[in-house]
Every structure is written in C-alpha cells, then in structure tokens.
Amino acid sequence: MGNTSSMLTQYDIEEVQEHCSNIFSQQEIGSLYQRFCQLDRNAKGFISADEFLSVPEFAMNPLSQRLLKMVDGLNFKDFVAFLSAFSAKASTQKKIEFIFKVYDTDYNGKVSFDDILEVLRDLSGPFMSDEQRERVLTQVLKESGYSRDSYLVLDDFVKVLGTSDLKMEVEIPVD
C-alpha cells in the first residue's frame, strides 16, 4: 500500500476496511484508492496539503486551512479513516469526535473559548465583527451552562451534539 502505483490486494482492502470500522464497502475502498492515486501526483504514498487543495470542494471550504493540518501527509489507510467521518454510515460518536478535532486546534484534548472563536471566525469571515462573534459565542456558551473560561472536552461535545442528527455526508462514486 505504500507504493501508490501498485494495486490493492484483497488483504489490503480488508485491512483498510477494518481500520475504518467497515464503514466502506470493498468497492468503495477501490474507488477511494483510485482517487487517492490521482491526488498523490508524485506517487509518494501519501497526500500533501497542496495535493488536497487541488480538490475544489476542499479548497473552497471555509475550514480548509484547519482541515489541512489534519490531512497533511496522510497515507491511504489514514485517508480512508479521515473520510469515514463523512459517511452516512458513520456513527454520531465518530462524527462528533471528528468535529472535536476540528475545534481542538492545539490537540490538547480541550477546546477553549479562543479555539471556538477561531472556528467561528473561519466560518463567518468578514460578515461578522470580532465583537459580534465574541458576543454570540459568550451567549451560546452561557445558555449551554459554560463560561468564557470553560474548557470543553470531548464528553461536552457529545453532551451537546449527541442528540442531534449530524449530516456530514460525502458521496463516494463507485465505478
């Protein structure tokens, strides 16, 4: 699997399936491998941030710079695991864990007011002032029982998002 010019063996496919909790079928993994090889232009066995930016939908995402930190240098197995959070078959827990990683910018297992503010800034762009963002975020945290000084952990995200029907789906064309 390290050399992207090679074909996937049945063993490789089953290993990738297991790595992503069987969220993707063998046929979908084959399609993902083809896409991975297209993105891995130099056949290095991993995808760089620049190669990810060649996907227009990814480049246009307001969180693309944040996501790039998560995807830079992914090998095929980790590429599939990354995409599995966007599958309709992914559990709510898996999706919440992914969202938490997006907010946990320094990967310390905690999300601060400033971490959330950064994401809000990325999402709202020039349409809100910093003052407006801070006011809105302070109010949302207060209504949820948190303050500006609170640090949210994964369990807090599960508590807040666990009952929602998260839609983070990407269709994978199967040839």
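Start with contacts, meaning heavy atoms within 4.5 Å. Among contacts in the chain between residues at least 6 apart in sequence, 61% join residues at least 24 apart.

Some ground rules. This is a predicted model: local features need pLDDT of at least 70, side-chain atom pairs count only at pLDDT 80 or more, and totals for chains, interfaces and linings use all residues. Residues are numbered from 1 along each chain as its sequence is written, and side-chain values use heavy atoms, with hydrogens and water left out.

Now the whole chain. There are 10 helices and 2 strands. Helices (H or I, at least four residues) and strands (E, at least two) are DSSP runs, numbered from the N terminus. In sequence order the pattern reads α-α-β-α-α-α-β-α-α-α-α-α. The C-alpha trace spans about 55 × 30 × 25 Å along its principal axes. Of the 175 residues, 39% are buried. Buried means under 20% relative accessible area, exposed over 50%, and partly exposed in between, with a 1.4 Å probe and protein chains only.

Next, the record. An unreviewed UniProt entry annotates "domain: EF-hand" at residues 27–62 and 91–126. Those positions use the numbering used here, feature names are shortened, and annotations may be inferred rather than shown by experiment. Residues 27–62 are 61% helix and 6% strand, with end C-alpha atoms 31 Å apart. Residues 91–126 are 67% helix and 0% strand, and their end C-alpha atoms lie 34 Å apart.

Let's zoom in on helix H8, residues 113–124. H8 has 12 residues and reaches 16 Å from first C-alpha to last, close to the 16 Å expected. That expected span is 1.5 Å times one less than the number of residues. Which H8 residues are buried? Phe113, Asp115, Ile116, Leu117, Val119 and Ser124. They pack against helix H5 (64–71), helix H7 (92–103) and helix H9 (130–143). Just after H8, Gly125 takes a positive phi of about 55 degrees.

On to the spaces. On a 1 Å grid over the protein atoms alone, a cavity is a set of points where a 1.4 Å probe fits but cannot get out; a pocket is an open set with protein on both sides within 12 Å along at least five of seven lines; lining residues have an atom within 4 Å of a point. Points are joined across faces, edges and corners, and a volume is the space filled by probe spheres set on them.

The second largest pocket has a volume of about 370 Å³. It has 18 lining residues, and the closest to its centre are Tyr103, Ile116, Leu137, Val140 and Leu152. H7, H8, H9 and helix H10 (154–161) each supply at least two lining residues. The lining has 16 nonpolar, 1 polar and 1 charged residues. Ala, Val, Leu, Ile, Met, Phe, Trp, Tyr, Cys and Pro count as nonpolar, Asp, Glu, Lys and Arg as charged, and the others, Gly among them, as polar.

H5 gives the largest share, 3 residues. Tyr107 is also in that lining.

Tyr107 has another feature: a positive phi of about 55 degrees, although it is not a glycine. Tyr107 sits in the loop between H7 and H8, and is partly exposed at 48% relative accessible area.
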